[in-house]
Amino acid sequence: MGAAEWARRLGITDAGSMAAFVTAFNQLDDSIKELPPPLKDGNRCPYCRKKIMLDSRFKELCNGLCTGGQAKDKQTKNGSTKILEIWRAIGVDVATTSRPAEAVSDGKSAVVGLSRIGSTLSAASDEAESKPRCRSLNCQREAKPSGFCSRRCEAGEADRVVKVARMLLAEAAPEKAPPKPAPAAPAPRKAKPPSLGSLMKDLSKPAAPKPPPAPSPVEAAEAAEAEDALAEPLTPAQKVGMGINLGAWAAGLGLAAVCGFYIVRELLPSKMSPNSVFDAAFDKLRGNDTVTRVYGEPLKGYGRDHGGHREGRRNFIEHTVYDEESDGSKRIRVRFNIKGPYAEGYAFAEVSSKHDGFVYLMVQDKRTGRIVTLEDNRLALASSANRSDAERSALAGLLGGGGGGGPPKF
């Protein structure tokens, strides 16, 4: 090691400064001359394990002398300090004078002793303390009241601090280990197809009966309550309550049956229903020439008229159901309205459970009262009551379907 390595590490490039540094360096002890220069800035100190920043004032960094952590031996530390003091003194002289070599040599160009170097360094330090210097690390110029000589030095120092802070955060943050890849699932084994012998053996075995499923806790509790209720005799109040419940169920079932009966009768009308009689009678009226000539076409038929013109209010067919005493048949009598372009009238019809056709079918004009009879079998049915079949046929031939009067009263 020598002055050249130290000068290269300290960044001394000026010829005058180099000569002054070499002259002062050669005056030191041989043990100090053999000291190695500090590592480059940014490297890690082998003693304190911190980032090296030469002559730094931050505790988080190593200043090259390792004063921020575990120090080297005292001789090495003092020797490195003396070399740095020579570097600082040369820097002060370069900034303040144009002849730096004169600060370390006498008038006869002889080499001064270590005592002279110490006095020179003390004088330079006193002069530096009298004038405030720039706070930037690599600047020794006179500072302004803000602490820096220019805005450029202030920005550079701020950038350096940010860089140091980022390095510290990067060192403090734990390195994230890459996630381990998930182990691959083993390939499923191919199942061997069963042999014919094993299949026949399984078929020959009787199927084992399945055990009954275990009841759930709720079902078990309900079964226990039912057994307790059957085991204990009912009180009079419980009997009354049970009777009321049974009566309510019976009434509900009866009401549902009645509603179902009427719904079925309306949806599926029989021969003795009012709507069936109305449909058959109106079809016959539309096919009669006399009715179409008197009332005109098209002919309309509807139920009871309430004075309105809505079809929904005129769909009720007036009817009467009764039992005929002469022949014991059940009969239904209906009346409805017809309307054509020329006139309006009432249509009367009656059917019997023991007769295929109409008992009678006739139309009466509302304005004139004229009656048009399409079919009237009342007299024939009345005369054939309680007679034999031969008598009935002979009587029907004589009467020829004769009428039995006008329309009935409703």
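The axes of helix α1 (residues 3-10) and helix α2 (residues 15-26) come within 10 Å and cross at roughly 130°. The pair is therefore oblique. Oblique covers the angles left over once those under 35 degrees (roughly parallel), over 145 (roughly antiparallel) and 65 to 115 (roughly perpendicular) are set aside. Axes here are lines fitted to C-alpha atoms, for helices over the stretch in contact, and angles run from 0 to 180 degrees between N-to-C directions. Helices (H or I, at least four residues) and strands (E, at least two) are DSSP runs, numbered from the N terminus.

The model is predicted: local features need pLDDT of at least 70, side-chain atom pairs count only at pLDDT 80 or more, and totals for chains, interfaces and linings use all residues. Residues are numbered from 1 along each chain as its sequence is written, and side-chain values use heavy atoms, with hydrogens and water left out.

The crossing of α1 and α2 is right-handed, meaning that the near helix is turned clockwise from the far one by less than a right angle. On the α1 side, the contact is made by Ala3, Trp6, Ala7 and Leu10. On the α2 side, Met18, Phe21, Val22 and Phe25 meet them. Contact means heavy atoms within 4.5 Å. By class, this contact has eight nonpolar residues, no polar and no charged ones. Ala, Val, Leu, Ile, Met, Phe, Trp, Tyr, Cys and Pro count as nonpolar, Asp, Glu, Lys and Arg as charged, and the others, Gly among them, as polar.

Zero disulfides are counted. A disulfide is a pair of cysteine sulfur atoms within 2.5 Å. The sulfur of Cys48 is 3.7 Å from the closest cysteine sulfur, in Cys45, and so too far for a bond. Cys45 is buried, at 4% relative accessibility. Cys48 is buried too, at 15%. Buried means under 20% relative accessible area, exposed over 50%, and partly exposed in between (1.4 Å probe, protein chains only).

Lys51 lies in the loop between α3 (30-33) and α4 (74-96). Lys51 is buried, with a relative accessible area of 19%. Leaving aside neighbours within four places in sequence, its contacts include Arg44, Cys62, Met167 and Glu171.

Ile338 belongs to strand β3 (residues 330-339). At 0% relative accessibility, Ile338 is buried. Ile338 and Lys300 are 38 residues apart in sequence, but 5.4 Å apart in space, C-alpha to C-alpha. Not counting residues up to four places away in sequence, Ile338 touches Lys300 and others, including Phe282, Leu285, Tyr295 and Val363.
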